[in-house]
Amino acid sequence: MTGHPILSVQGLCVEFRTRNGTVRALDDVSLQVAKGEVLGIVGERGSGKSVTAFTVIGLLDAAGRAVSGQADYDGVPLLAAGKKSLGEKDLNDLRGREISMIFQNPRAALNPIRPVGKQIEDVLLRHNQATRQDAQRKAVDMLTKVKILEPERRYWAYPFELSGGMCQRVMIAIALACKPRLLIADEPTTGLDVTTQKATMDLMADLTRERGMSVVLITHDLGMAAAYCDRIVVMQKGKIVEAAPVAELFKDPKHPYTKKLLAASPGPDSALGDLTAVPDAPPAVETVSPAAVTKPMATPAAPVSENLLLEVKGLVKTFPRRGAKGGGWVWLKGHKGRNEEADFVAVDGISFSLRRGESLGLVGESGCGKSTTSSIVTRLLDPTAGQVILDGEDITAFKAARFARLPQRSKIQMVFQDPTESLNPRYSAADSIADPLKRLKGLRGGRQLDARIGELAEMVGLPQSLLTRFPHQLSGGQKARVGIARAIAVDPLLLVLDEPTSALDVSVQAVVLQLLDRLKRELGMSYIFVSHDLNVVRLLCERVIVMNKGRIVESGKAEAVLKQPQDPYTRSLIAAIPHFEPAKM
Amino acid sequence: MTAMARSFRHFSYVMGENPVTAAAFALFALIVALAAFGPWIAPYDPLATDAMNALQPPSWAHPFGTDQLGRDVMSRVIVATRLDLGIAVSAVALSFFIGSAMGCAAGFWGGWTDRITGRITDTIMAFPLFVLAMGVVAALGNSVENIIYATAVINLPFYARVARVETAIRRNAGFVQAARLCGNSDLRILATQVFPNILPPMMVQVSLNMGWAILNAAGLSFIGLGVRPPDAEWGIMVAEGATYVVSGEWWLALFPGSALMLAVFCFNLLGDGLRDLVDPLRRT
């Protein structure tokens with residue numbers, strides 16, 4: 001760090017007023033951003049990384065209040081002794097022109113009823129960076145700079161007409177339009193695919209470097225912070241636990257929390273046992289008993305028997321395009337409307353098989369058809385063509401609506417992507433686990449049911465005392481456990497895991513992955529693990545299928561696909577995963 | 001902390017944050033008490049006439065004065081609470097059950113179910129609602145039950161629409177898919193998984209609707225439909241009192257009118273308060 005910092009925060013404390021009293025969100029946070037530096041703020045959910053940014057820029061929620069501390073932007077006090085020292089008007093002049101921000105969800109941050117070009121013009125005109133005459137030209141220039149093709153045409157596009165990645169580029173264009181000197185990026189790539197994430201981040205890095213801007217990058221992903229930052233600040237529960245240059249932080253982490261976080265982030269070489277190699281200081285509820293996690297990959301998984309459990313043959317699923325078949329006047333349009341436009345093909349003739357006790361990874365980016373495939377395999381959706389043969393029986397012979405009540409239902413179960421959304425908010429943990437037992441196993445109340453629920457809770461490491469709680473009273477990891485317990489309650493042969501850890505923090509993800517691995521070996525289940533993250537898939541699966549645009553582009557042993565990808569798409573997928581590379585430093 | 005203590009704390013927090021809601025809840029308690037114990041609380045028999053004391057202005061003996069037949073206005077206002085509230089509650093309960101069944105089916109299955117229920121509610125909404133209620137009562141006959149049916153019919157679309165939207169949002173939620181995997185049939189999913197989750201917004205609708213229902217019942221009685229004299233009912237009392245306002249006997253119409261206004265006001269405020277209680281995110 002040379003010269004005086006462009007942003008300096010000293011002893012910042014922020015409190016939130018809630019129904020359960022005041023909660024301290026930030027506790028004595030101090031940090032500096034030098035000119036031209038990229039600072040990463042890394043932490044898990046609720047660590048206060050976004051609150052720090054919002055407080056500094058003066059966008060704190062009405063319930064929050066800076067209690068003490070000060071923040072200076074290039075010598076101008078933004079906050080002094082916890083009070084805003086600039087009026088709202090001065091702050092508005094500063095925001096957008098000197099300091100700008102990129103938000104988490106680009107679609108929500110853009111005005112949905114205004115063309116994106118106009119939105120870039122707005123910020124230019126607001127800060128007198130353009131006149132009415134040249135505003136449009138400057139806006140188109142900005143769109144060109146963020147590498148949007150056909151910028152003149154896209155100028156008139158509405159946010160809903162653009163993809164998530166393009167929306168984020170427009171956000172970057174708006175943020176950089178007035179040539180600010182400090183950019184705050186709050187999880188700029190959540191919800192974007194890895195390849196889009198890489199393109200967006202590279203673009204942002206290029207543009208800011210070229211202008212000599214300072215950047216504060218807020219992220220939960222240590223790999224991304226490593227790839228794009230100069231210095232990293234690690235936050236935990238509202239406190240800064242460690243601040244160090246990237247290389248130093250990765251080679252020699254000082255704080256136990258940093259060590260834990262580093263261990264829990266799956267890299268290209270980490271094994272499942274390594275993820276929780278650094279235990280919490282006090283053993284928390286989250287950790288699985290050590291005996292269960294000792295080097296799961298070292299001991300070969302349950303012997304893979306040769307007989308097939310699942311065979312998928314030529315699976316096709318098409319969806320009618322909106323408006324093609326449809327509205328109320330079917331009899332007038334007849335079948336003409338349908339033939340005019342081809343149906344959207346989500347899954348285009350894929351075939352694969354799975355042996356008993358084997359786990360298969362299904363990898364691809366959003367829209368590649370992996371979720372559709374898993375929905376058809378779990379018989380929540382009817383295929384357009386093709387067969388799914390489970391345990392020697394063609395289960396596509398039954399309609400999805402009827403399948404729910406057949407005995408075969410209990411052979412396939414699923415763990416959902418979002419543990420919060422997949423639990424009924426009005427059911428206690430025990431009720432949720434009891435549901436499949438009552439419906440599919442015919443257990444009716446009484447001791448037998450309670451005993452089974454207790455047994456399942458123990459298997460997934462959920463304390464018995466939490467069984468009476470409702471989803472909103474449970475943490476993310478605990479909810480994930482409830483979801484897993486529900487899925488394994490009926491002893492399924494096949495468990496489909498639909499991105500089961502994507503909504504979880506890395507340290508929780510580590511524990512859940514180990515739990516899934518242990519359950520597989522104990523219960524002899526087969527897994528289909530659907531994910532976008534090859535590093536995570538590799539930890540749990542022997543075989544991987546990579547999907548793109550409804551087709552299988554590559555399949556093979558997980559190690560082989562990850563280390564020597566054959567298909568160009570797989571290669572770009574693997575290259576896009578950000579991680580710490582000492583060679584780049 | 002037990003669930004009971006937790007919800008009490010939540011309740012007192014919302015009340016403390018919003019004194020208006022607290023007042024509405026107090027008023028609601030008072031209205032319910034009057035409806036339940038009205039005949040015992042009322043100082044006089046609401047139907048007893050006393051020609052000697054006709055049209056007396058408010059006094060200590062008759063705080064709300066007396067009417068043209070010498071009946072105590074205060075007693076009549078108190079006793080009328082039960083009838084007005086009874087009509088509103090039964091009408092709202094009817095439209096709640098039928099409307100949410102229609103709306104849930106429409107939101108969950110979509111397609112033809114949605115189109116048919118949608119057109120039914122559109123047809124109801126196409127009429128001026130009060131005129132429709134008048135027509136229903138006129139056609140079915142002049143009785144309290146028919147007022148209830150008429151009020152239920154005109155409120156049906158609101159429940160059907162709220163239920164439809166809330167169900168459609170949750171139709172593909174993770175927990176609904178999970179319930180399917182657990183072997184639940186569609187009907188069972190609707191009843192045990194979806195319906196309990198759409199209850200909070202529906203309850204807010206119920207509370208807001210209750211005010212309208214009271215107003216509607218009183219309005220029908222005001223124009224001479226439904227409740228017949230000498231039964232005490234706010235709408236009729238205002239109608240009878242209105243003729244005396246010109247000659248200076250203002251208390252005949254004012255007190256039942258105020259009771260009506262307070263009741264409607266209370267239910268509207270209660271709706272906002274209930275929303276704060278059950279759904280903190282939609283707070284205004």
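Good morning. In chain B, 69% of the contacts between residues at least 6 apart in sequence join residues at least 24 apart; two residues are in contact if their C-beta atoms, placed from the backbone, lie within 7 Å. Please note that this is a predicted model, in which local features need pLDDT of at least 70, side-chain atom pairs count only at pLDDT 80 or more, and totals for chains, interfaces and linings use all residues. Residues are numbered from 1 along each chain as its sequence is written, while chains are lettered from A and ligands numbered from 1 in the order in which they are written.

Chain B contains ten helices and zero strands. Helices (H or I, at least four residues) and strands (E, at least two) are DSSP runs, numbered from the N terminus. The C-alpha trace of chain B spans about 75 × 50 × 30 Å along its principal axes.

Let us turn to one residue. B:Gly241 lies in helix 9 of chain B, residues 234-245. Why does B:Gly241 count as buried? Because it has 22 C-beta neighbours inside 10 Å, and a residue is buried if 20 or more other C-beta atoms lie within 10 Å of its own. Leaving aside residues up to four places away in sequence, B:Gly241 touches B:Leu252, B:Ala253 and B:Pro256.

Finally, the interface. Here 22 residues of chain A are in contact with 18 residues of chain B. On the side of chain A that touches chain B, strand 17 (412-415) and helix 17 (429-440) of chain A are the elements giving two or more residues. Helix 17 of chain A gives the most, with four residues. Thank you.

Key:
A residue is buried if 20 or more other C-beta atoms lie within 10 Å of its own, exposed if 12 or fewer, and partly exposed in between; C-beta atoms are placed from the backbone.
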